[in-house]
Every structure is written in structure tokens, then in C-alpha cells.
Amino acid sequence: MTVSGEPRVPRTLTYAEAVNDALHVAMASDPSVICYGLGVDDPKTIFGTTKGLQTRFGDQRVFDMPTAEAAMTGVAIGAALGGMRPVMVHQRLDFFLLAMDQLVNGAAKWHYMFGGQRSVPITIRLILGRGWGQGPTHSQSLHAWFAHIPGLKVVMPTNPEDAKGLLLASIFDPNPVLFLEHRWLHNTMGSVPEGDYRIPLGKARQLREGDAVTIVSMSYMTVEALHAVDHLRQSDVHCDLLDLRTVSPLDWDAVFASVRRTGRLLVLDTAAETGSIAGEIAARAAIECWTLLKSAPQRIAMPDIPEPTSFGLTRGLHPRAEHIVAAVAALVGKQIGVDELVARRTVPHDVPGDWFKGPF
Amino acid sequence: MRATTLETSTALEPVLARALLFQMKRIRFVEEEIARRYPEGLMRCPTHLSIGQEAVAAAVGAVLRRDDLAVGTHRAHAHYLGKGGSLRAMLAEIYGKVTGCSRGRGGSMHLIDLDVGFEGSTAIVGNSIPIGVGLALAAQLRGTDQVSCVFVGDGAIEEGVFYEAANFAVVRRLPVVFLCENNLYSVYSPLSVRQPPGRSIHGLAAAVGLATDHGDGNDVDEVYVKTAAAVGRVRAGEGPCFLEYATYRWREHCGPNYDNDIGYRTEAEYLAWRERDPVMLYERKLVAAGVFTEAGIDVMQVEIEQEVSDAFRFAEDSPFPEPAEAFEHVYC
Ligand SMILES: Cc1ncc(C[n+]2csc(CCOP(=O)(O)OP(=O)(O)O)c2C)c(N)n1
Ligand SMILES: [Mg+2]
């Protein structure tokens, strides 16, 4: 759905700039949108995503907060009940874990348990850390936890255009929305339309077309998937690549339609395997598309261990394009080399690119 | 170091004075070396330095007994070293090596040395506060006379878990010392946007029912004297206490650089605190008191530099853990 009729000139922005643009558009168009979180107005402006907001909209609507994630989540719920549209941000998802009661027992249930009378339009931006030794408590991808809770929506955009359109949709959605930004995406570039446009929550985006294998992915894993799918094409293996964009609600129609066509499914996930969204998709595809499947659904996710810090321990830990190629090759019963793909990577395994020099 | 209650100055006890100065200078040099080498890209983890805050760590470490317990935060190097934690194992941990104190799993923010009662530092603000209280509960139940020390920043006291833990400690009169280093900032956020003017952190702690004291965290003498008195009372069963010491971090919140230019604090503020360099102040005091000569301090510095360069060599020469090791220790 697109709400405004103005002409939209696409520009090239980074993902972080696209998030920033969405916040500017939302705050300019609706005075009830407020934005807070640790560091929103500090010199680093949450990796640039909250840049210029306080100068433009004032410190009543854009403010730093005490180190108090639990209470400030409840405050967001209360403010939402009182007519505001709060957008909170945490520099790591892991910091937000202090607020689980407010999120799960409060935000997720308020509409339901009071008979549909109230709604809680809050958006909570969470950044997923990876690399440079982020370690056990700065790197967790817990979207499956959130998706497990009825009443919450969970958004995980991959590219700048989607980041902006989905954030605008999240902010103006009447439900609580968790908006997960992978740290390795913040510097990726893409064309982003101007103005207010909203991408409906719960709709996947088809990024590549093919009939060999359906690859379903989200967030940073989609970047690896794009490398893999383009590499596979050289061997004449053409895959459907669905970028979920929203993991709750999830675009089951798109997943099943593709799987019915290809008969083969590979699901990618940034999270640990057990209890993952990838597992849920594999299970449902097996249930819904059983007779059309040519082989068992496969998934590639993180192993079921906490993420260690050491450069040595993270060698080979995260699934990458070559693992996706290998999994697809196995599904279609072909030998496909990955050397060229691996050789193209010039930076160490624990950074997304030259621009990333730590420390977080 | 045996805990002593001093009415006046540590300078009157040359052995103690030497230990305090040595530890402060050692922590300073370790941290400066980390800052100097960090851009080499071999210490690949978020790293929070304690430069400017050495006095509290050195004094508290000297007050506590080896078998006393301590837990810390993301900014834990100084606390760990002050408590007697192995320097080699700390640096190896920051380098991600198998010889690190957490076998490379935790990095700079997850230090542990059970030989000296350093039970762990953790990276989520407020996370270790109730754990330190639980250690005190165990000590009380088991009838030891150990004290548990919980290092916190001015930001951590804003977390609800601080009140919940402190309240319980007061109710049960637990042998816990909350040691708050107020360095005025939580990342780039000044106290003014987080806590109301005119209300002190120690005043707030007193309202929860904790015995409190506060002082100049850059004066190692003052920190030692006040902490020794407080720990003595806690150990005697008088209940938990909260100590707030004013200090200042010189470098950026996380990472090796100075960042006074980016706009969240002024160069003038930093320079004013630098005038009050805890290491320099104590050095001058001891020289003036005749405990040390300039030459004696130089000898000390040489000893420190040797230990530190040996520890860096150990860290750099140690192997990485094998990737397969990442799968160990998920369960016992
Ligand atoms: C729950 C949680 N929220 C936010 C963070 C991010 N963070 C890391 S250190 C820090 C500052 C804490 O300030 P303070 O307690 O004063 O310690 P200092 O850094 O000044 O030593 C913050 C907010 C975190 N690690 N955990
Ligand atoms: Mg602080």
C-alpha cells in the first residue's frame, strides 16, 4: 500500500540512512510519533539512524533515556495508550531482554485481554550484532521468541528500500512491532524512494526467480543468499529467492506457492537452529506441500550454541553463500564448486567489509 | 594485601603505599598498551578501558581479601587486575586465545579468575548486580566471613534490577559492598538526561536502606580508607553498604581513542579531570612524603613494563582455540 500520491524520486541511500529517512517522514507527518532510546541524540545517533531528529523535532519528542529498558518499554505502552506512537531503539537486541515482561505480558496482550478495546501502536527497533567479537550477549537473533508470541509483529528488512517502507508501515501499524536491523546491513546501499510509502507487513519479496529450489531467507542471510543464487545460475541452477521481510505475520501463501512449483525448499535463518523460524517454515511446508515435495526440506541456521567471542572460535561458525550453494547442489544432485565465491571475499570472516573496524 | 583500617593516610604504611601505587601504574600501563595496540586489529572484541579510573580498582582490590568475591561490568579490566586476576589470562582473552581466562568465549567484557575470587564480569548493564548479592547470600548461609563486592557504574543504578537486588541485600543484611564508580556518563549520555539534578546516587542508595559513604575516586588514599572502614563493617555483619566514588574515564566509552571532539563532553571538562590524574596525584604525594624517590618510581615502571610486555607476548603467541571448541561447555 502506498499512501501518498507525490512523485517519488529514488536516491541511493544506505540502510541506516533509509531508516533515518523513515523516522523523519513519520515524525513530520504525525505529531504523535515520538522517538527515544539510549543514545538517540548522542554524536553517533545509533549508527546514523536517528540523525537530525532531535534538532528537527525537539527534545520533547526525541530524547535519550535512563539505562532502564524494562520500565521504558512499559512507558512506551502507556504512552501509546495515551495517544502517542512511540518508536524505541536499542543498540543491541540483547539489551532489550530486560523488558520481556512489559513486551510479552503487556504490549502483546493488551488488545486481546481487554476485549479489543485498546491498541498498543509501539515500534521497537532492535539491532542484531555480529562479528568483531560481539560474543554471547551482543549477537543474539531472537526473532523466533517474538514471533512465538501472538499479538506481536516481527519485521526483518534486508535492503534500504524495504527498511524505509517497512519501518513506516510498522510505526503506523496499530499493533506492537519489533523491527530488527542487522548491524551488517546498516552500510549496504540501495535506491530508496522519497516521501511516505509503506510496504505492507506480512508480504515477502521475490528477489530471484527459478524453478530448481525455493530459498526462503530473511535479513542478512538474504545477502548471502543473493551471492549464492547468482553463483548457482552460472551452473544453470535457478532458484526462487524469497526474502520474508516480515517473519510475523509470515507470508505463507508466497512460501507455499513457490514450494509447490519447485518441490524443494531450503530455509535460511540468522538464529540458532532449534525452535527457529526456519524450523517452523520447514515444518509447515512439509505439512502443506507434502505430496509435491521432491526431497526433504532443508535449513541452514546457526548452531545451537551461544556465540563465542574469539576470532578463532567464530571461524566457519556463520553460514555463508558457499554453504547455501552446497545445500542447493545437494538438493538438485549436482556438483557445484564454490572456490570462486570464497575467493571473492577479501575481508576477514568477522567483519562485513573494510568499513567495519570495530569496536561495535 | 591484608585489610587495614587506617585513620589517616596510606602513605604512613610504605608496603601498602607501594602496592597501591604499583597497581595503579600497572593498570594504567596495561590499558595504555591495549589502546596503543588495538588498531593492529588483533584484539577483536568491544573493549572498554579504565584509564583515569585506576584509583578505585587499586584501592578496593587492596582492601578486599583474596578469598573475598567480586563481580564486574563491561569495563572490568581494572577491577579484575586490582582483585589480583591474572594479567596474562586477561590479555589472552582479549586476543581471543585458548589461554584466555574464558578460553576465548567472552573477550574483554567477560573476565574471570576464580583463584582470586573474581567471579565474572558481564556485558549487560546491571546483569551482575544480583549475582553479586547471591554470592553474598551463599557466604552468609555457609557462615564464611567473605564479602562480595559488586562493581557498578552510574548508569547501572538506573536498572530496576539494582533496586530489587539492593532491597533484598538490606532485608537479609547480606555481606555485600556495592561499589559505584560515578564517571558522569553512560556511553555518551550525561547524568543530566538520566537522573534528576540535586539527587546523589549514594543518597538514593541510603533511601533503599544501604549504609553509604562517598568520596573522591581519584584519591586512592581516600578510597582506601573509606572502603576499608566500610568493608570492615560489612564483614562484621552490620549489613550491606554502598560506596560512591567520583571519577572520570579519559578515553572513549568503547575503544582505544579519545573522543572529546565529537561533542558529548567538553575538552575543558576532560582537561580538568586530567589535572586530577589519580596516578600522578598519588605519585606526588608519596614523593613528598618521602616514601619514594623519583628514581624509585622509575624502577617500578620498568618492572611493570617488563611484566606487561611479557603478558602481551604470551597473549600473541598463544594459539586460537580450535573452532570445534565452540561446541563445548554448552552444558556441563
Ligand atoms: C541492559 C543494557 N543496556 C545498554 C547497554 C549498552 N551499554 C553498555 S555500557 C553502557 C554504559 C553504562 O554506564 P555505566 O554503568 O555508568 O558504566 P560506564 O560505562 O560509565 O563504566 C551501556 C548503556 C548494555 N550493555 N546493557
Ligand atoms: Mg558511567
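Is W132(A) buried or exposed in this predicted model? The exercises below begin with this residue.

**Exercise 1. Determine the setting of W132(A) and describe its backbone.**

Solution. Step 1: locate the residue. W132(A) belongs to the loop between β5 (123-128) and α7 (143-147) of chain A. Step 2: apply the cut-off, under which buried means a relative accessible area under 20%. W132(A) has 5% relative accessibility and therefore counts as buried. Step 3: examine the backbone. The phi angle of W132(A) is near 45°, a positive value in a residue other than glycine. Most residues other than glycine have a negative phi.

**Exercise 2. Where does R245(A) lie, and what is its phi?**

Solution. Step 1: R245(A) is found in the loop between β11 (239-243) and β12 of chain A. Step 2: its phi is positive, about 65°, although R245(A) is not a glycine. Step 3: with a relative accessible area of 9%, R245(A) is buried.

**Exercise 3. Identify the residues joined by a cis peptide bond in chain A.**

Solution. Step 1: S248(A) and P249(A) are joined by a cis peptide bond, with omega about 0°. Step 2: P249(A) is placed in the loop between β12 (246-248) and α10 (252-262) of chain A. Step 3: for context, most peptide bonds are trans.

**Exercise 4. Describe how α1(B) and α10(B) pack.**

Solution. Helix α1 (residues 14-37) and helix α10 (residues 278-288), both of chain B, pack at an angle of about 150° with their axes 10 Å apart. Step 2: classify the angle. Angles over 145 degrees count as roughly antiparallel, and α1(B) and α10(B) are therefore roughly antiparallel to each other. Step 3: state the handedness, which is left-handed for this crossing. Step 4: name the contact residues. α1(B) contributes A17(B), L20(B), L21(B), M24(B), K25(B) and R28(B), while α10(B) contributes P278(B), V279(B), Y282(B), E283(B) and L286(B). Step 5: sort them. The contact holds 8 nonpolar, no polar and 3 charged residues.

**Exercise 5. Describe how α5(B) and α6(B) pack.**

Solution. Step 1: the axes of helix α5 (residues 129-142) of chain B and α6(B) come within 9 Å and cross at roughly 15°. Step 2: angles under 35 degrees count as roughly parallel, which makes α5(B) roughly parallel to α6(B). Step 3: the crossing of α5(B) and α6(B) is left-handed. Step 4: I129(B), P130(B), V133(B) and L137(B) of α5(B) meet V161(B), F162(B), A165(B), F168(B) and A169(B) of α6(B). Step 5: this contact divides into 9 nonpolar, no polar and no charged residues.

Terms used. Residues numbered from 1 in each chain as written. Chains lettered and ligands numbered in written order. Predicted model: local features only at pLDDT ≥ 70, side-chain atom pairs only at ≥ 80, totals over all residues. Heavy atoms only, no water. Axes fitted to C-alpha atoms, helices over the stretch in contact; angles between N-to-C directions. Helix = DSSP H or I, 4+ residues; strand = E, 2+ residues; numbered from the N terminus. Parallel < 35°, antiparallel > 145°, perpendicular 65-115°, else oblique. Left-handed = near helix turned anticlockwise from the far one by under 90°. Contact = heavy atoms within 4.5 Å. Nonpolar A, V, L, I, M, F, W, Y, C, P; charged D, E, K, R; others polar. Buried < 20%, exposed > 50% of the residue type's maximum accessible area, 1.4 Å probe, protein only.
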